[in-house]
Amino acid sequence: MSPETLVPDTSTPATDTSNFGPDRFDTYVMKTYGRFPLTLERGEGCRVWDNSGQEYLDFVAGIATCTLGHAHPALVEAVTQQIQKLHHVSNLYYIPEQGQLAEWLVKHSCADRAFFCNSGAEANEAAIKLARKYANTVLEVEQPVILTAKASFHGRTLATVTATGQPKYQKGFSPLVPGFEYVPYNDIAALENAIGDIDEGNRRVCAIMLEALQGEGGVRPGDLDYFLRVRKICDEIGILLILDEVQVGVGRTGKLWGYENLGIEPDIFTSAKGLAGGIPIGAMLCKDSCNVFEPGNHASTFGGNPFACASALAVLDTLETEDILTNVIARGEQLRKNLRAIANQYTNLFIDVRGWGLINGMEINAESEFTSIDIVKAAMAEGLLMVPAGPKVLRFVPPLIVSADEVEAASQKLGDAIAKLVNSI
Ligand SMILES: Cc1ncc(COP(=O)(O)O)c(C=O)c1O
């Protein structure tokens with residue numbers, strides 16, 4: 001950087017972002033993300049507009065985060081009221097909004113207690129710490145192992161990136177955190193073998209940590225039989241089942257929690273993304289039977305502050321009062337039907353359409369020259385935003401309030417984008 005660019009720009013106020021194009025952005029922000037050349041400026045419902053006024057249908061929703069879409073009146077009112085009253089106080093004191101959110105979550109799940117933080121990774125960190133303390137104190141195991149699944153995703157902190165069963169996210173960050181091993185997802189024999197092998201040494205499996213549906217790993221739903229068996233194994237040998245509900249929780253699958261699709265209850269589960277509809281929050285919930293945390297064991301400055309909790313309460317209240325889960329189921333079926341029709345038109349290009357509720361994936365043939373990024377870019381040119389789940393899966397995670405007309409419009413745009421892409425070769 002030349003010396004003159006180090007001189008602060010005082011000509012515009014710090015709050016003026018109107019001239020912040022990609023070049024200026026990339027001068028100052030660390031390049032940890034591969035970004036599309038798109039600057040979004042405002043949104044309403046399932047639609048967003050870029051800084052040139054171009055409109056898009058948003059089937060990304062901040063990656064399964066903007067539960068109620070953009071600028072939903074219930075969320076706008078809740079954040080406005082709360083910020084005018086009290087936005088942050090320390091956990092040195094009682095916070096009624098935090099208590100009320102914990103009570104809502106407990107009354108609407110299998111858990112007995114909640115701990116609040118700010119993101120999915122932090123929620124999973126809390127779950128990992130709780131499982132380790134349970135291993136150390138209840139199971140009396142000093143070298144506990146947590147089994148996670150290959151192709152899973154649990155976050156980017158050191159412990160959660162280690163828990164993540166994808167070497168591409170771990171490369172370059174050694175030494176990783178000890179105490180994690182990986183098994184293929186939905187493969188019960190592999191899981192049983194791994195437990196047997198690990199328990200032979202001086203280490204012992206203390207927990208199994210899984211997603212009910214693998215999101216980042218390619219939108220792969222869990223098998224019912226597999227999860228029933230996993231639950232049984234955990235009960236038989238007295239270890240914990242942790243479910244990462246960060247992407248699939250809060251109604252995304254058509255049920256409030258992903259585990260409800262699998263007929264089981266976890267001992268611990270985590271939530272984040274959609275919980276406050278885009279306001280940062282994370283939560284780790286557990287049954288009393290494994291709640292070994294004591295004062296001083298875990299904490300977060302921002303965790304569970306009045307602002308984040310009031311936002312989450314507005315989202316959850318709206319989900320209930322507007323019966324949004326019914327919409328999730330109907331719109332999910334409609335979307336999968338449309339995606340299957342497109343896949344049937346291009347049998348060389350697509351090999352599968354799958355998902356639950358409003359988390360759906362379309363898998364591209366490994367032999368095809370097109371990647372998910374190619375199709376995401378082509379759809380963007382048609383005014384539809386989507387997100388890849390790996391190099392060969394398209395992911396569709398619109399706001400849960402998406403309408404039937406919007407699902408039709410998105411399907412049309414995707415069909416047009418694919419037709420243009422295929423005809424371009
Ligand atoms: C299943 C799952 N767990 C954890 C995370 C990490 O969440 P965050 O980015 O909020 O830390 C994600 C993010 O995509 C996720 O999908």
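## Exercises on pockets and helix packing

Helix H4 (96-107), strand E4 (113-117) and strand E12 (282-286) each contribute at least two residues to the lining of the second largest pocket. Keep in mind as you work that this is a predicted model.

**Exercise 1.** Describe the second largest pocket by its volume, the residues closest to its centre and the classes of its lining.

*Solution.* Start with the volume: the second largest pocket holds about 840 Å³ of space. Next, look at the lining, which has 25 residues; the closest to the pocket's centre are Gln-98, Arg-113, Ala-114, Phe-115 and Phe-116.

**Exercise 2.** Decide whether helices H8 and H9 are roughly parallel or roughly antiparallel, then characterise their contact.

*Solution.* A helix pair is described by the angle and the distance between the two axes. For H8 (residues 188-200) and H9 (residues 224-237), the angle is about 20 degrees and the axes lie 10 Å apart. Angles under 35 degrees count as roughly parallel, and H8 and H9 are therefore roughly parallel to each other. The crossing of H8 past H9 is right-handed. On the H8 side, the contact uses Ile-188, Leu-191, Glu-192 and Ile-195, while H9 brings Tyr-226, Arg-229, Val-230, Ile-233 and Ile-237. By class, that makes seven nonpolar, no polar and two charged residues.

**Exercise 3.** Repeat the analysis for H3 and H10: which way do they run relative to each other, and which residues meet?

*Solution.* The axes of H3 (residues 73-85) and H10 (residues 306-321) come within 9 Å and cross at roughly 155 degrees. With angles over 145 degrees counting as roughly antiparallel, H3 and H10 are therefore roughly antiparallel to each other. H3 passes H10 in a right-handed crossing. From H3, Ala-74, Leu-75, Ala-78, Val-79, Gln-82 and Ile-83 meet Pro-306, Phe-307, Ala-310, Ser-311, Ala-314, Val-315 and Thr-318 of H10. Sorted by class, the H3 and H10 contact has 10 nonpolar, three polar and no charged residues.

Notes
Residues are numbered from 1 along each chain as its sequence is written. This is a predicted model: local features need pLDDT of at least 70, side-chain atom pairs count only at pLDDT 80 or more; totals for chains, interfaces and linings use all residues. Side-chain values use heavy atoms; hydrogens and water are left out. Axes are lines fitted to C-alpha atoms, for helices over the stretch in contact, and angles run from 0 to 180 degrees between N-to-C directions. Helices (H or I, at least four residues) and strands (E, at least two) are DSSP runs, numbered from the N terminus. Angles under 35 degrees count as roughly parallel, over 145 as roughly antiparallel, 65 to 115 as roughly perpendicular and the rest as oblique. A crossing is left-handed if the near helix is turned anticlockwise from the far one by less than a right angle, and right-handed if clockwise. Contact means heavy atoms within 4.5 Å. Ala, Val, Leu, Ile, Met, Phe, Trp, Tyr, Cys and Pro count as nonpolar, Asp, Glu, Lys and Arg as charged, and the others, Gly among them, as polar. On a 1 Å grid over the protein atoms alone, a cavity is a set of points where a 1.4 Å probe fits but cannot get out, and a pocket is an open set with protein on both sides within 12 Å along at least five of seven lines; lining residues have an atom within 4 Å of a point. Grid points are joined across faces, edges and corners, and a volume is the space filled by probe spheres set on the points.
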